[in-house]
Structure formats: structure tokens, C-alpha cells
Amino acid sequence: MKNIKYIGSVMMSFALWLTSCESDLEENPAGNISIANFYSSEDDAVTGLYGVYNSVYDLYGNTVINYGEVNADNATVSPNVSDLFEWDEFTYSNELTEGFWRSAYDGINLANEVALYTAEIDFDEEKRADIVSEAKALRALFYWHMVRIMGGVPIYETPTIGFEEVDRARATEEEVYALIFRDLTEAALELPTTSLAGRLNAHIVDALLARIYLYRNDFPNALVHAKRVIESGSYDLFADYAHIFKTEQNNGIEHIYQIQYLSGERNNPIPGTFGPRALPGQYGNSFWANTVVGGSIAPSDEFVSENPTTYRKSVTIADSYEHIDGVTGTITMEEAYGPGVFPYYVSKFDDRAAELQSGVNLNVIRYADVLLIAAEASNEVDPAASEKYTWINKVRARARNGVEADLPDLAGLSQDEFRTAVLEERRFELAFEGQRAWDLKRRGDFLTTLRAQGKTVEDYKLLFPIPNNQVRLNPNLTQNEGW
């Protein structure tokens with residue numbers, strides 16, 4: 001098949017999804033029961049919906065980190081890594097870019113199946129409307145990632161069966177965003193305000209809308225949706241910054257939306273991605289455990305030096321780690337790698353006890369992010385508003401963990417000074433969570449920031465390329481300028 005892989009809809013139940021999460025979507029070869037005939041009951045609709053959620057795993061994880069972090073200023077490639085791309089090496093034939101395209105359109109096609117065929121099933125009207133809205137909201141989530149990574153892409157609002165309408169031309173960015181805002185706005189009004197862990201609800205959709213409107217510099221709408229989440233009273237910050245990233249705190253008070261993982265069944269790859277890169281010899285297992293760590297990404301020197309000294313910084317990065325047995329002792333990065341080679345690693349996702357079978361959930365959006373969205377948007381809508389200080393200072397207070405001199409409350413800043421302050425707060429609060437590159441791009445700072453680090457980044461690299469294979473297969477698909 002060409003652009004979009006034809007995916008069957010016979011999926012695992014949600015209970016199995018939450019406990020094992022290992023089932024893969026199966027191709028539906030010609031001659032099998034048609035998708036339309038599969039959707040005949042409420043249970044079928046729910047099963048199809050969980051199939052869409054299963055596709056979300058492919059969208060996040062390392063893919064989001066690579067697009068949102070590794071090509072920005074906070075992160076760099078770990079020492080001794082020869083098989084990982086740098087920013088300059090992103091090309092139209094890059095395997096990651098092709099994989100992202102396929103994963104996104106797989107999810108879009110599945111969401112379209114659920115939305116179309118569920119609407120034709122006779123069961124409780126409200127439940128049916130909720131499932132359709134949830135599927136469309138997930139479709140919007142896939143399109144959101146596509147449009148900011150690659151710009152305008154082909155739009156499909158119905159399932160692709162056969163090849164008749166596969167070769168569509170690219171829509172404009174504005175047309176893609178119109179679809180995203182329509183689907184998410186409808187879902188925010190339709191969905192309930194609570195949901196099972198891993199499922200969307202109205203508050204989650206409002207949080208996502210706040211983030212997307214902020215990215216589009218639509219500050220009034222970003223503020224409206226962020227305040228809806230804040231004023232719901234459903235969320236708060238953990239008292240301890242470290243708790244955000246601990247398995248035992250999954251689906252906690254700060255977690256607005258997390259992708260669900262379960263150790264030994266479906267493992268979160270993020271801790272291993274950021275762990276100290278394994279070395280041969282005495283320190284071959286760099287977590288000083290029984291597992292060889294593939295750690296690919298390290299904090300940049302600039303991030304280490306520019307991050308204010310706080311409790312939050314001590315959780316985020318570290319220059320040493322204890323033996324996993326808790327008895328043998330502590331090893332420094334300098335001992336393992338030599339002076340100045342790999343002085344710090346990203347420790348905020350550390351889950352060594354699981355030995356790379358991490359069950360910690362992946363944060364898509366959390367309450368601290370919404371507070372900072374609200375603060376930034378408020379500063380643009382009404383620079384004199386005092387509430388912006390309430391929101392940003394709440395985040396800073398948690399970061400300093402009682403040490404008042406480390407990160408004092410902000411007050412009396414000009415509008416431009418506050419703009420700078422909130423962007424820096426986002427940089428360190430949300431470090432390595434997939435947001436940094438997008439913050440720089442929406443603020444127009446991406447190219448100058450990376451060039452200041454000595455990276456060669458041409459203007460056209462604000463967008464990633466359409467995968468070369470897709471351009472070759474689809475005669476109506478044009479490549480992004482410069483690629």
C-alpha cells in the first residue's frame with residue numbers, strides 16, 4: 001500500500017490494554033470481514049477506540065523526544081554514540097521521519113473508522129456521541145503533531161479503504177489547524193470531565209487546546225482553556241518535583257494526561273534513553289545494575305550552566321549515581337567516563353529499580369505546564385494582571401523546595417521581562433519532556449538559539465521533510481522547501 005497502511009480493527013479489550021499493552025494492530029488482508037461489518041455493537045466501538053489509543057504509543061516515546069528535545073538547545077547526543085543522528089543529519093529519507101508519518105496516519109485512519117462506523121450503531125445516544133468525539137479528538141492529536149513537524153499534510157476525515165483516495169495533495173497549515181480546533185472544541189463540550197486513566201476527557205482536551213493555542217500565539221484562547229483547567233479544581237502540583245516521574249505516583253494529582261505503561265508488559269523507553277550511556281569494561285552497565293543502558297541523550301553544557309541551582313535541578317540532572325543495591329557505593333560520571341567527557345546525565349526519569357522495564361507513565365501534559373501557559377497568555381492579554389505571578393510563582397516555589405534564596409518569587413516585571421522569565425521557567429520545569437524545540441519555534445528563537453550553540457541550521461529546517469518515500473509514491477505530494 002501507499003501512504004496509509006490499511007489496518008484492521010479487531011483490537012484487544014481495554015482491560016488487556018491497561019495490563020499488558022503488548023497487542024499490535026493486525027493488517028486486514030483482502031477477503032477478511034469488512035471493517036464496516038465489524039462495527040455492530042457498543043463493545044465493537046469501544047474495542048475500535050482502544051485500537052486508536054494503541055496507536056498513540058507509536059506517536060510518543062522517543063519520537064516526541066527526538067522532535068521536541070534532541071534538536072534544541074537543552075539536549076545533546078551522549079558520548080560514544082555513533083549511530084544516532086544529529087540535527088544536521090535529518091534528511092527526507094530518515095528512518096525516524098518515515099516511521100513517524102506512518103504511525104500518525106495509522107492512528108488517523110483508525111480514528112476515522114471509529115468515528116464513521118460508531119455513528120451508525122444503535123446504542124445509547126450519549127455514549128455513542130462520546131466515543132465519536134473521543135475518536136475525533138485523538139485524530140486531532142495526530143494531526144497536531146504532523147502539522148507542527150511537517151507543515152500542511154493531506155487531510156483524511158473518512159477511512160481509507162483501497163487506493164481510490166490515498167494520493168491526496170497537501171492541505172494548508174490553516175486547513176489542518178481548522179480541523180484540529182474543530183474536533184477538539186467539540187470534544188471539550190461533549191466529553192465528561194472524568195475518565196479512566198489513559199482516556200481523554202473534557203479537562204484533558206481543554207489542556208491540549210491551551211497548549212495548541214499558545215503555539216499559535218492565540219493568547220486569548222490559550223488563556224480561556226488554561227483557566228478552565230485551573231478553575232476545575234481537579235489538579236494541583238505534587239509537593240515534591242521528583243514525584244512527577246515516579247511509577248508509584250502514576251496518574252497523580254499533577255498528571256492531566258499520561259500514556260500508560262506497565263513494567264514487564266509495555267515498558268516506557270524514556271528512562272533508558274536518558275540514562276548514562278553504557279561503556280565497556282568495569283562500568284559496562286552504566287546504571288550500575290544488571291542491564292546495559294543504551295542512553296542516547298545527555299544534557300547540553302549550556303543547559304547545565306544556565307539552569308538555576310535549585311532542588312528541581314538536582315532532580316533533573318546528576319553527576320553521580322548510587323549502585324542499584326544501595327550498599328556498594330556511589331560512582332561519579334567522571335570516574336566512569338573521564339574528566340569532562342560526560343559530566344552529567346538526565347536523572348529525572350531514573351527508574352533503575354525496573355532495570356529498563358520501566359512502568360512509569362509518559363507525561364503528555366501536566367498541571368505545571370498549564371499554569372505556565374496561563375501565566376504567559378495572561379501577560380500577553382493583560383500585562384497588568386496579577387494572576388500571572390500567582391501561577392508562575394506557584395511553579396517556582398515547588399522548584400526551590402523551601403530554599404527561598406534559590407528561586408525567589410517574581411514581581412514587578414515589564415511585559416517583555418515576564419515573557420523572558422516564563423520562557424526560561426518552561427525551559428527548566430519541562431526539560432526533556434518534549435517541549436523545548438516547540439517553545440523556541442513559536443517564539444521565533446529557534447534558529448538564533450541553535451546557531452549560538454554552533455549548530456548549522458538553515459532557515460528551512462524550521463520544518464522537517466515529508467518522507468522521501470511518501471513523495472515518491474504519491475505524485476500529488478510536494479516536498480517542503482529546501483529538502
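**Cavities and the strands beside them**

The second largest cavity holds about 70 Å³ of space. This is a predicted model, and the cavity is a feature of its computed coordinates. Its lining is made up of Trp144, Arg148, Arg211, Leu214, Tyr215, Arg426, Gln435, Trp438, Asp439 and Arg442. By class, five of the lining residues are charged, four are nonpolar and one is polar.

Now step back to the whole structure. A search finds five cavities of 30 Å³ or more. The largest cavity holds about 220 Å³ of space. It has 21 lining residues. Those nearest its centre are Ile65, Phe349, Leu362, Asn363 and Glu433. The elements that give two or more residues to the lining of this largest cavity are helix 4 (62-70), helix 6 (125-150), helix 10 (270-274) and strand 8. The class make-up of the largest cavity's lining is eleven nonpolar, seven polar and three charged residues.

Which element gives the most to the lining of the largest cavity? Strand 8 does, with three residues. That makes strand 8 the next stop. Strand 8 spans residues 362-366. Two of the residues nearest the centre of the largest cavity, Leu362 and Asn363, fall within that range. Strand 8 is mostly covered, with five of its five residues buried.

Strand 8 has a partner. Four bridges join it to strand 2, and the two strands run antiparallel. Strand 2 covers residues 255-259. Is strand 2 enclosed or open to the outside? Five of its five residues are buried, so strand 2 is largely enclosed by the rest of the structure. In a regular strand, side chains alternate between the two faces of the sheet.

Follow the chain on from strand 8. Helix 14 takes up residues 367-381. Helix 14 is mostly covered too: 13 of its 15 residues are buried. At 1.5 Å a residue, the 15 residues of helix 14 should span 21 Å. The C-alpha atoms at its ends are 21 Å apart, which agrees with that expectation.

Key. Residues are numbered from 1 along each chain as its sequence is written. This is a predicted model: local features need pLDDT of at least 70, side-chain atom pairs count only at pLDDT 80 or more; totals for chains, interfaces and linings use all residues. Side-chain values use heavy atoms; hydrogens and water are left out. Buried means under 20% relative accessible area, exposed over 50%, partly exposed in between (1.4 Å probe, protein chains only). Two strands pair if DSSP finds at least two bridges between them. The expected span of a helix is 1.5 Å times one less than its number of residues. On a 1 Å grid over the protein atoms alone, a cavity is a set of points where a 1.4 Å probe fits but cannot get out, and a pocket is an open set with protein on both sides within 12 Å along at least five of seven lines; lining residues have an atom within 4 Å of a point. Grid points are joined across faces, edges and corners, and a volume is the space filled by probe spheres set on the points. Ala, Val, Leu, Ile, Met, Phe, Trp, Tyr, Cys and Pro count as nonpolar, Asp, Glu, Lys and Arg as charged, and the others, Gly among them, as polar.
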